[in-house]
Amino acid sequence: MAGQFAASTRTDDLPEAMAELAGEFHELAQKERLQLLLELANDLPDLPDSYAGRLGEMEKVDECQSPVFLAVEVDSDESRTVHIFLSAPPEAPTTRGFAGILHESLDGLGAQEILAVPDEAPYRFGLSEAVSPLRMRGMVGMLGRIKRQVRAHTTIDERQ
Amino acid sequence: MTTQAETSQTDAQTKLSAYAHPERLVTTQWLAQNLGADNLVVLESNEDVLLYDTGHIPGALKLDWHLDLNDQLSRDYVDGEQFAQVMGERGIGRDTIVVIYGDKSNWWATYALWVMTLFGHEDVRILDGGRAKWIAEGRETTTDVPTVEAVDYPVVERDDSTIRAFQADVLKHLGQPMVDVRSPGEFSGELLSIPDYPQEGAMRGGHIPGAKSVPWGKAANEDGTFKSREELEALYQDEQGLAPSDDVVAYCRIGERSSHTWFVLTHLLGFEQVRNYDGSWTEWGNSVGVPVER
């Protein structure tokens with residue numbers, strides 16, 4: 001896994017919105033990358049009424065150092081559009097920023113597009129150096145759980 | 001007429017004066033009154049690297065435990081030259097009074113203080129209650145990052161022999177007082193990392209034989225301040241039988257939580273010989289042939 005932390009600038013195997021965001025990060029100097037991460041933390045949308053105050057019914061992301069909760073909904077349209085709901089506390093801006101990256105990159109994509117996202121995609125944003133490998137695992141955990149939920153939703157439906 | 005704030009301030013001062021080295025702590029009131037003073041630099045050191053950017057004490061500068069204090073290649077702290085740069089670019093000279101504060105009951109602030117002590121920086125203090133207390137009291141914060149004129153900080157060789165323990169030192173220390181400051185589940189070997197944190201980094205669970213379990217957070221109050229001298233004496237001296245003259249080694253997973261306990265034992269209780277084993281469980285639990293107890 002030695003290569004896991006090596007800075008990768010490859011984006012051609014990422015969904016369009018994610019590739020664009022990764023490109024934005026790479027154009028910035030380290031300190032400015034943290035500023036962009038903070039903007040994404042601030043832009044993470046609040047949970048809709050259907051989830052607000054019902055964190056217990058969402059999936060807890062154990063890989064994160066702060067309480068992060070996740071829910072995934074999959075539409076029954078042809079591309080199986082995925083909706084992602086993430087909640088992270090304001091006193092954990094880094095974790096919120098990770099949630100913001102994933103929301104901005106993946107919300108509204110089709111199930112197959114999300115399942116095709118490489119598991120190490122979180123390391124493509126040039127953040128490993130500024131944020132430390134330990135913290136990066138939080139985002140890897142979030143992505144893994146999003147994909148697992150998408151898989152679960154689509155597999156169950158196929159059996160019906 | 002004495003206001004409520006003034007009364008609690010007097011209480012805070014009284015609490016501090018009972019510690020062995022009260023000069024190592026400042027109250028929020030003291031800091032508010034001394035902000036902007038010549039020869040004072042305030043540093044914020046957090047677990048969350050973005051927290052400073054969301055708002056901080058006016059004039060405070062960010063110190064990142066990961067980027068500024070750790071060597072980026074080998075598992076060690078920065079060397080004298082790197083440290084001089086980190087200090088100098090923050091306008092800190094050898095005689096500057098440095099006050100550090102942070103999130104999570106000053107967990108990372110005490111870690112930064114411990115590293116600064118390796119380099120023998122003389123006057124470095126902790127803001128009692130840290131970031132949480134400053135904010136809870138409704139004191140001013142800002143997102144403005146101050147511009148600092150760099151100064152020359154001397155290149156000082158790090159002293160790893162006094163307050164730092166390496167694995168070989170700990171092996172020689174077996175049978176003498178040791179404090180394991182991790183959570184009970186990590187101590188018993190059931191967990192390899194803090195609950196809710198990634199389970200990572202060790203092949204074996206358990207603790208170093210003979211270590212006493214005193215989770216670091218027991219030394220802190222709900223509001224992030226340190227417990228009183230009396231409460232701390234009860235915790236470490238009465239319950240665990242440690243004495244200020246003991247030669248003590250403290251450890252956790254990577255040496256950060258144990259910096260908090262090192263600070264408490266050394267500066268608040270006046271223990272004379274406390275070393276922090278920063279290799280901690282991520283080294284011990286991965287080492288071949290070292291004894292482990294469950």
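Start your tour by selecting chain B and colouring its residues by burial: 54% of its 294 residues are buried. Keep in mind as you look around that this is a predicted model.

Now switch to a cartoon view of chain B. How many helices and strands does chain B have? Its secondary structure comprises 11 helices and 9 strands.

The trace of chain B spans about 60 × 45 × 35 Å along them. The radius of gyration of chain B is 19 Å, and because a compact globule of 294 residues would have one near 19 Å, the two agree.

Bring back the heavy atoms and look at how the chain meets itself. Of the contacts in chain B with a separation of 6 or more, 76% join residues 24 or more positions apart.

Colour the charged side chains next: you will find 24 positive and 48 negative ones in chain B. The centres of these two sets are 5 Å apart.

For a last stop, select B:Glu239. Where does it sit? B:Glu239 lies in the loop that runs between helix H9 (229-238) and strand S8 (247-251) of chain B. Is B:Glu239 buried or exposed? Its relative accessibility is 55%, and exposed means over 50%, so B:Glu239 counts as exposed.

Note on methods:
Residues are numbered from 1 along each chain as its sequence is written. Chains are lettered from A and ligands numbered from 1 in the order in which they are written. This is a predicted model: local features need pLDDT of at least 70, side-chain atom pairs count only at pLDDT 80 or more; totals for chains, interfaces and linings use all residues. Side-chain values use heavy atoms; hydrogens and water are left out. Helices (H or I, at least four residues) and strands (E, at least two) are DSSP runs, numbered from the N terminus. The radius of gyration is taken over C-alpha atoms; the globule rule is 2.2 Å times the number of residues to the power 0.38. Buried means under 20% relative accessible area, exposed over 50%, partly exposed in between (1.4 Å probe, protein chains only). Contact means heavy atoms within 4.5 Å. Lys and Arg count as positive and Asp and Glu as negative; His and the chain ends are not counted. The place of a charge is taken as NZ of Lys, CZ of Arg, CG of Asp or CD of Glu.
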